[in-house]
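This briefing sets out the principal structural features of the model displayed here. The points are grouped by topic.

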Amino acid sequence: GRRIGGRYEILSRLGEGGMAIVYKAKDLILDRLVAVKVLRTELAGDEEFIKRFHREAESVASLSHPNIVAIYDIGEEEDCYYIVMEYIHGMSLKEFIRDYSPISISESVHIMKQVTLAIAHAHAHGIVHRDIKPHNILIDESEHVKVTDFGIAMAVSSATITYTHSILGSAHYLSPEQARGGKATVKSDIYSLGIVMFELITGRLPFPGTSPVSVALKHLSEPMPFPRDFRPDMPQSLENVMIRALAKVPLDRYKNVVAMYDDLKTALSPERADEKRLILDS
Ligand code: ATP
Ligand code: MG
Ligand code: MG
């Protein structure tokens, strides 16, 4: 079969997204399966993009966490840029939601705890994910979750470059401030986590439209539907986690992902059984 970088033998195609195609491959030197993400050739000519691609891949490669897909190698050959990652035998959370909804409340919490741990780890290292969505969350048969594609992530401290909106993730997971054109922050990642959680538990998006502009406008100005209206068996304490993550005003959201994780951890405990629906001030 076709080889990339001399040592990665392409076995099959796993999927593709806006920026790249992902292949299942075999690392012939270490004799193990890997996933190779190959950048679209249309993008390979864009100097600025390539620089960013390398910088981001390097920063993400430094992250090491059980809930983050490991990056093994970054390379280029003949105008073809690629990232070699840990191969996850499983599916994306998008497919998982499509195939298994309704997902039990305890399973949903088990999944969200792992996702929040991954993002909290990245934040602790100055990396904002920027593109949190179910496509970028992989899950294996034992329900071990790994977050990938810190594709447009970058160090918070150097967040000065502006991005063209065309490469930004799906509008469905964008926070109001990002929809307004603002830069991604820890707070916007928290909002995206809230949308993922909404979709995981209710099996649907809060604003299911198709046009990115109309969806973005709804995130900006339409009140968030109450997830419990679609999933009445969920405890109020768990809906409150979503209300707190999905606040339109960043100040009303969790101050960091660790706070969201801590809240998720206790959400199903009997002590929180008579919690009232959270009402935000702003
Ligand atoms: P976007 O480009 O907007 O981020 P996307 O996330 O769906 O969209 P890719 O990141 O290119 O696109 O990934 C395509 C698909 O490849 C994923 O949905 C997933 O099913 C699969 N995939 C990605 N990384 C891995 C991996 N490490 N192991 C196994 N499968 C993977
Ligand atoms: Mg991608
Ligand atoms: Mg992806």
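Two residues are taken to be in contact when heavy atoms lie within 4.5 Å. The model is predicted. Its chain contains nine helices and eleven strands. The radius of gyration is 19 Å, close to the 19 Å that the globule rule gives for 282 residues, so the chain is as compact as a globular protein of that length.

**Overall architecture**

- Along the principal axes, the C-alpha atoms of the chain occupy a box of roughly 60 × 40 × 35 Å.
- Of the 282 residues in the chain, 51% are buried.
- Among contacts with a separation of 6 or more, 63% are between residues 24 or more positions apart.

**Helix α8 and its cover**

- Helix α8 spans residues 236–245; nine of its ten residues are buried, so the helix is largely enclosed by the rest of the structure.
- The buried residues of α8 are Q236, S237, L238, E239, N240, V241, M242, I243 and A245.
- The elements that cover these buried residues include α4, α6 (186–202) and α9 (257–266).

**Magnesium site**

- The magnesium ion (ligand 3) has N136 (OD1) and D149 (OD) as its protein donors, at 1.8 to 2.0 Å.
- D149 coordinates both the magnesium ion (ligand 3) and the magnesium ion (ligand 2), and the two ions are 3.0 Å apart.
- Is N136 buried or exposed? With a relative accessible area of 4%, N136 falls under the 20% limit and therefore counts as buried.

- A35 is part of strand β4, which covers residues 32–39.
- The relative accessibility of A35 is 5%, so this residue counts as buried.
- Beyond its neighbours within four places in sequence, A35 makes contact with L14, V22, Y23, I83, V84, M85, E86 and Y87.
- I10 and A35 are separated by 25 residues in sequence, and their C-alpha atoms are 9.1 Å apart.

**Backbone geometry**

- Most residues other than glycine have a negative phi, and most peptide bonds are trans.
- The peptide bond between S101 and P102 is cis, with omega about 0°.
- P102 is located in the loop between α3 (93–100) and α4 (105–124).
- D31, a residue other than glycine, has a positive phi near 50°.
- The loop between β3 (20–27) and β4 holds D31, and D31 is exposed, with a relative accessible area of 55%.
- E143 likewise has a positive phi, near 60°, in a residue other than glycine.
- E143 is found in the loop between β9 and β10. Its relative accessibility is 19%, which is under the 20% cut-off, so E143 counts as buried.

Conventions
Residues are numbered from 1 along each chain as its sequence is written. Chains are lettered from A and ligands numbered from 1 in the order in which they are written. This is a predicted model: local features need pLDDT of at least 70, side-chain atom pairs count only at pLDDT 80 or more; totals for chains, interfaces and linings use all residues. Side-chain values use heavy atoms; hydrogens and water are left out. Helices (H or I, at least four residues) and strands (E, at least two) are DSSP runs, numbered from the N terminus. The radius of gyration is taken over C-alpha atoms; the globule rule is 2.2 Å times the number of residues to the power 0.38. Buried means under 20% relative accessible area, exposed over 50%, partly exposed in between (1.4 Å probe, protein chains only). Donors are N, O and S atoms within 2.8 Å of the metal (3.2 Å for Na, K and Ca); water is not among the atoms, so sites may look incomplete.
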